[in-house]
Amino acid sequence: LTEELKAFKDPALARGLVESVRAWAPESATLMEVCGTHTVAIARNGIRGLMPEGVRLASGPGCPVCVTSNHDIDKVIALARVPGVTIATFGDMTRVPGSTSSLLAEQAAGRSVEIVYSPLDALRLAQDNPDRQVVFVGVGFETTTPLVAMAVKRAKAAGLRNFTVYGAHKNMPGALEAIINDPQLKVDALILPGHVSTIIGVEPYRFLAEKYGIPGVITGFEPVDVLQGIAMIMRQLHEGRADIEIAYARGVMAEGNPVAMAAIDEVFETCTATWRGLGDIPGSGYRIREEFADFDAMRRFAPAIEPTVEHRGCRCGDVLRGIMAPSDCPLFRTVCTPENPVGPCMVSSEGSCAAYFRYY
Ligand code: SF4
């Protein structure tokens, strides 16, 4: 297996794929990746610099922490201030600034904030601390949502009264449609996310090719994976085709993972979600269904939320829409650094600004 995986970093294979990209590339094209792990893989492996002149690789709204709106962060901070509540969430989320505070600042002020690695850790935290109300803050796409659904189902089965969820989960296809219709950016093709697609499969992307004539290739995260995905896109553009193809067959099946999708569907229903940069997108979020309302933190605690204020000067919204490179933000590297992040794109290890800071 190790030998097989080595092939995905093989320089000779990579060179061959770069040649194919160059041979098939049109005079100009903008390809967008919509997965934070791809953003990092492209930056770390210098793939942007291998593209022929006229081909632009733009980063889109693929980092779940980054697309979480200030208003969502403010609601989580309001929950953290409810007496008796412990917030359990992923490490990156604690550093994202809301309108006037962050979870890390709330923790420093004496509120209870715990870092967990999965929703099931949060469930355990609730079981081990019956005197605390544990609120799990979930962000992410279909890769994390099934596990949150599982945690809610287990909490219900166990009759747990001190576990709830604040869900800021989103789905990718709705955001892709918003990107395609953005008048400020013309996307010619999409590098589609490997992880999300292991769950949702190919079907939810078909509208890109069928309705908009935009090719998309689902690919993995090693250099050869990414280059193969780009080469397959270039071939489609060269041949004047628009299909949704898989360059990541070792991870993704066309039908996705029906068991995980059923778990999501049992606990959540789709709703309008607010995305940083993209605004309100109908059907692009998940909220807890009525049958599981007891596990919805906002319904249980209904805290007062402070008015939302956007960070002055931060251009994360434009970075997430792909209309601006992080290095074009006036605060990049001067005021805004990973140690002192102004916006979420610099906080998250998968954020475009953090990737640019590290690799360019
Ligand atoms: Fe926001 Fe900082 Fe990125 Fe500028 S560099 S867009 S301030 S996160």
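What follows is a talk about labels and the values behind them.

Modeller: A word on the basis: this is a predicted model, where local features need pLDDT of at least 70, side-chain atom pairs count only at pLDDT 80 or more, and totals for chains, interfaces and linings use all residues. Residues are numbered from 1 along each chain as its sequence is written, and side-chain values use heavy atoms, with hydrogens and water left out.

Biologist: Why is the pair of Phe90 and Phe136 called edge-to-face?
Modeller: Rings of Phe, Tyr and Trp (its six-membered ring) pair if their centres lie within 6.5 Å, and planes under 30 degrees apart count as stacked, over 60 as edge-to-face and the rest as tilted. By this rule the count comes to 7 aromatic pairs. For Phe90 and Phe136 the centres are 5.7 Å apart and the planes make 80 degrees, so the pair passes the distance limit and is edge-to-face.

Biologist: What does the pair of Phe90 and Phe136 tie together?
Modeller: Phe90 lies in the loop between β3 (85-89) and α6 (91-95), while Phe136 lies in strand β5 (residues 133-140), so the pair ties together parts that are 46 residues apart in sequence. Helices here (H or I, at least four residues) and strands (E, at least two) are DSSP runs, numbered from the N terminus.

Biologist: How do you know whether Phe90 is buried or exposed?
Modeller: Buried means under 20% relative accessible area, exposed over 50%, and partly exposed in between, with a 1.4 Å probe and protein chains only. Phe90 has 19%, so it counts as buried. Phe136 is buried as well, at 0%.

Biologist: And what makes the pair of Tyr356 and Tyr360 tilted?
Modeller: Its planes are 45 degrees apart, with 4.5 Å centre to centre. Tyr356 is buried at 12%, whereas Tyr360, at 41%, is partly exposed.

Biologist: How do you know that a charge sits over the ring of Phe8?
Modeller: The rule asks for NZ of Lys or CZ of Arg within 6 Å of the ring centre and within 35 degrees of the ring normal. The charged end of Arg250 is 3.7 Å from the centre of the Phe8 ring. Lys156 lies over the face of Phe292, at 4.7 Å from the ring centre.

Biologist: Why is helix α10 called mostly covered?
Modeller: Helix α10 (residues 172-180) has 9 residues, and 7 of them are buried. Among them are Met172, Leu176 and Ile180.

Biologist: Which residues surround the ligand?
Modeller: They are Cys314, Arg315, Cys316, Cys329, Leu331, Phe332, Cys336, Val342, Gly343, Met346 and Cys353. Near, for a residue, means that one of its heavy atoms lies within 4 Å of the molecule.

Biologist: How does that shell divide by class?
Modeller: The shell has 9 nonpolar, 1 polar and 1 charged residues. Ala, Val, Leu, Ile, Met, Phe, Trp, Tyr, Cys and Pro count as nonpolar, Asp, Glu, Lys and Arg as charged, and the others, Gly among them, as polar. Met346, one of the residues around the ligand, lies in helix α17 and is buried, at 2%. Its C-alpha atom is 8.2 Å from that of Phe357, 11 residues apart along the chain.

Biologist: What makes Ala302 worth a look?
Modeller: Ala302 has a positive phi of about 35 degrees although it is not a glycine. Most residues other than glycine have a negative phi. Ala302 lies in the loop between α15 (297-301) and α16 (316-320), and its 58% makes it exposed. Arg333 also has a positive phi, about 70 degrees, and is not a glycine. Arg333 is in the loop between α16 and α17 (344-347), and at 38% it is partly exposed.

Biologist: Where is Asp225, and is it buried or exposed?
Modeller: Asp225 is in helix α13 (residues 223-239) and is buried, since its relative accessible area is 0%.
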